[in-house]
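Look at the structure below and follow its helices one at a time.

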Amino acid sequence: MPAVTDFLPAASSRHEAVWAQLWTTPQACAWSMESWRWPIVADLVKYTVRSEPDDAPASLGTVVRQLRDDCGLSKAGLVQNGWAIAVD
């Protein structure tokens, strides 16, 4: 797993926590083999953290949803990427 600071030099501890959590997902296995996705995951981290405050613009939720799709973290995203997660 790359470091979040490789993509977000001023990353806070919250950015680091979100980054670490995302890299525990089954999708992270695919990301690890496709380094071109890492900046997209970093964008997801950045916009997820920005969207967390109560007064965050609602439009950030749309950005986060789209990035989650791009990263395969939703049902639509899994289909979009041609991925399936095997049942244990």
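In this predicted model, the buried residues of helix α1 are covered by parts of the chain that include α2 (27-32) and α3. Helix α1 spans residues 13-22, and its buried residues are H15, V18, W19 and L22. Viewed down the axis of α1, these buried residues fall within an arc of 100°, so they line one face of the helix.

Take one of the residues in α1, H15. Is H15 buried or exposed? Its relative accessible area is 14%, and a residue counts as buried when that value is under 20%, so H15 is buried. Which residues does H15 touch, apart from its neighbours within four places in sequence? The contacts of H15 are with V4, L8, V45, K46 and V49.

Next comes a pair of helices. Two packed helices are described by the angle between their axes and by the distance between those axes. Helix α3 covers residues 38-51 and helix α4 covers residues 59-70; their axes come within 9 Å and cross at roughly 150°. An angle over 145 degrees counts as roughly antiparallel, so α3 is roughly antiparallel to α4. The crossing of these two helices, α3 and α4, is left-handed.

Which residues make the contact between α3 and α4? On the α3 side they are I40, D43, L44, Y47, T48, R50 and S51. On the α4 side they are L60, V63, V64, L67, R68 and D70. Sorted by class, the contact of α3 with α4 has seven nonpolar, two polar and four charged residues.

Methods
Residues are numbered from 1 along each chain as its sequence is written. This is a predicted model: local features need pLDDT of at least 70, side-chain atom pairs count only at pLDDT 80 or more; totals for chains, interfaces and linings use all residues. Side-chain values use heavy atoms; hydrogens and water are left out. Axes are lines fitted to C-alpha atoms, for helices over the stretch in contact, and angles run from 0 to 180 degrees between N-to-C directions. Helices (H or I, at least four residues) and strands (E, at least two) are DSSP runs, numbered from the N terminus. Angles under 35 degrees count as roughly parallel, over 145 as roughly antiparallel, 65 to 115 as roughly perpendicular and the rest as oblique. A crossing is left-handed if the near helix is turned anticlockwise from the far one by less than a right angle, and right-handed if clockwise. Contact means heavy atoms within 4.5 Å. Ala, Val, Leu, Ile, Met, Phe, Trp, Tyr, Cys and Pro count as nonpolar, Asp, Glu, Lys and Arg as charged, and the others, Gly among them, as polar. Buried means under 20% relative accessible area, exposed over 50%, partly exposed in between (1.4 Å probe, protein chains only). The arc is that of the directions from the helix axis to the C-beta atoms.
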